[in-house]
Amino acid sequence: MKKIKKRATLYAMGLVLLLITIFIVTIINDKKQVLEEKTSAHRALLRNSFQLAMYDTQKGLNALACKISSNQAIVDAFERGDRQKLFELTQPYFQEAKSRGEADLAGFIGANGIHFLRMQDPKRYGDNLTDKRPMLANALKTRQPQSALDVTIYRVALVTILPIFKGDRFIGVIQTSADIDRVQKRLNMHSGIKSAIAFDTVKLKTLLEEPGIIRYQGYTLVSSNDILFEHLPKNFTFKQSNRYDIDNRTYIIASRVLNDFKNDPIAMMTCAFDVTDDVYEYEREIRNLMIVSLILLSVMGVVLHYGFRILILRIDRDTQVTRELNQKLEHQLHTDNLTLLPNRNALLRDINTKPFYALMLLNIDNFKEINDFYGHAVGDQALLTLARSIKEAIRDLPMSLYKMPSDEYAIALVESMSFAQLEASRLSIIHHLQSQHYNLHGASIYITLTMGMDVALRNQGLTAQSLLANADMALKSAKKRHLSYMLYDETMQIKQEYQHNILWSKKVKEAIEEKRFTLYYQPIIDPKNGEIVEYEALIRMIDTNGSIIAPGYFLPAAKQSRLYPLISQFVIEEVFRMIETTDSSFSINLSVDDIFDIPTKNFIIQKLRDSSHPERVIFELLESEGIENYQEVSSFIDEAKRLGSRIAIDDFGTGYSNFAHILRLDVDLLKIDGSLIRSIDSDTNAQTILIAVTEFSKHLGLKTVAEFVHSEAIYEKCVELGVDYLQGYYLGEPKPL
């Protein structure tokens, strides 16, 4: 019996030992996997932290250069060669950026490559370093902005160079730079990351007079924020991210290639993150596991059960920590914080890994106005509610939803379908969204959308990456043409339109500087006696060849380039001069931009106060340009009328066409839009609307003006239907007085 017990005990102990051995091997492998997952997470942190540090540094340099180069007084001082004035004007910008740690150096270099002013050393100028500064030489040659890593004869730095023009003449560049250790300080400050810069040794010798002496694999160490990088192990390599043991500590060391302005690799940014605690934790847990295993072997199955349980719980805890860390990184990189939808980064990632057959971009119309009118809380709620509506609309469709920046969404078709099916699905989505009314914080909001789409099946050879760019072009074209939807095709000339806009912005600026604007006047007639009751002032631009340019060509560019207030003030100045020198009345077209622009509005009010005949001024407000902002518009109307002028609503019938809101504005005339007048002699619907407008106006004591009276038949029909005043080419075309 004793032999049997002994044999059974040995068998049992052997079996337990075998189980414990299998268990130990399994747990060790799991622990290694956990350690590798943590290591991968640290590698991702190194990559992301480096990208953010580089971006923050370049952003500060770009902002400083843009502020300086956009100051006209600074440009003028640079052109004149007034070094003292240039220093005085630029110093506040430079000191502010330097105090925030955004820049170390700034200076101006003339078009000939001669240093004109160094902000940090204003007494040192007149030297030419273009032979040692390829990036500077290239910027002067191409006259294009540059932003890249650069090596001077003194230091390694991130550099931004912007060209400076006076009119069409290139006068030089503004250069801002930050020592590369700015990036390293950011890495260390924000993430506790040690870093070093290593340059290609061969290239470095041609750039720096005394390059560093510490070299690794053809690279020379030029900057570091820790002595760790002076004692890297022999098995260190730039090409791979690995774990290294250095001075009884363990580090994850990863390198990123740094390129110069020509996008040629010239250096390595090497970052190190201390993971000693993770490795120690791993070794400690393995050691504890061995101890527990010995105890389990001693007390057999009694302790074995509880020991396994404790170890499994600890494994779950470590796995959960790693999973949460990875999920947090994934969420930050690929999820929109507000809607929790996949963001643009996620879309770019998925485009490279999944088949996308079509892409729709949805943009909320006038979302800025929703934010301004109701507040950002309602705006955010609108974005959330719309996201839910889109999800509901595509619930049964093979589509994925992404939240793009600002007020934009992307819908990706992830399964193939015919173009007819896709078009039916698109219409179903739009119908669902456009039929929704949203009650947000007590406000009932109706949201309209603009869509741009590209379909891979319609474009043979189209890469998935091009879908996003093409859909974005279609969306921009739809916005520009005031359409609710556009499908991309190759005839869209977005790039040419951008160049066209730049050309007209330049033309407007030059015309303002050279005072090449004039006013044309079109008469407004009283049909009862044929007399001219007033003239409408219409702006024209005189081209450099003497030709006259209509406002449709240059006003959009003036508004986009913020030159519009100068044009408005020119028109106002000229009209008030005509009032003082003639006996006629004149009307001036005003947009809501003029009313909302405080200097322009004050200029108008002051002109009315100074005028001896304010009653001969009529301000025409465009109905379709936002006069529903009653508080601002009503305040202006009240002030203008108190000073003696009259108010007209222009293009009435094309905007909100709401009689009720006209009642809230104390106006004197309604100018009926030409779209109703052009065919009034034959269009019975237009006649019905015109009768309603004239009756409505007579009841309120308002005068009516019909625009675009271009024929005798139109003239007679307008008189028959009771319009008070008439305007159009049949009666007189715009011309100088």
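The protein chain folds into 23 helices and 27 strands, counted as DSSP runs numbered from the N terminus (H or I over at least four residues for helices, E over at least two for strands). This is a predicted model, where local features need pLDDT of at least 70, side-chain atom pairs count only at pLDDT 80 or more, and totals for chains, interfaces and linings use all residues. Residues are numbered from 1 along each chain as its sequence is written, and side-chain values use heavy atoms, leaving out hydrogens and water.

Of the chain's 737 residues, 47% are buried, meaning under 20% relative accessible area with a 1.4 Å probe, protein chains only.

Now let's zoom in on helix α16, residues 564–581. Its 18 residues reach 26 Å from first C-alpha to last, close to the 26 Å expected at 1.5 Å a residue (1.5 Å times one less than the number of residues). Which residues of α16 are buried? They are Tyr 564, Ile 567, Ser 568, Val 571, Ile 572, Val 575, Phe 576, Met 578 and Ile 579. An α-helix has 3.6 residues a turn, so residues three or four places apart point the same way.

Next, meet a partner. α16 packs with helix α18 (residues 598–610) at an angle of about 5°, their axes 10 Å apart; axes are lines fitted to C-alpha atoms over the stretch in contact, and angles run from 0 to 180 degrees between N-to-C directions. That makes the two roughly parallel, the word for angles under 35 degrees.

Methods:
Buried means under 20% relative accessible area, exposed over 50%, partly exposed in between (1.4 Å probe, protein chains only). Angles under 35 degrees count as roughly parallel, over 145 as roughly antiparallel, 65 to 115 as roughly perpendicular and the rest as oblique.
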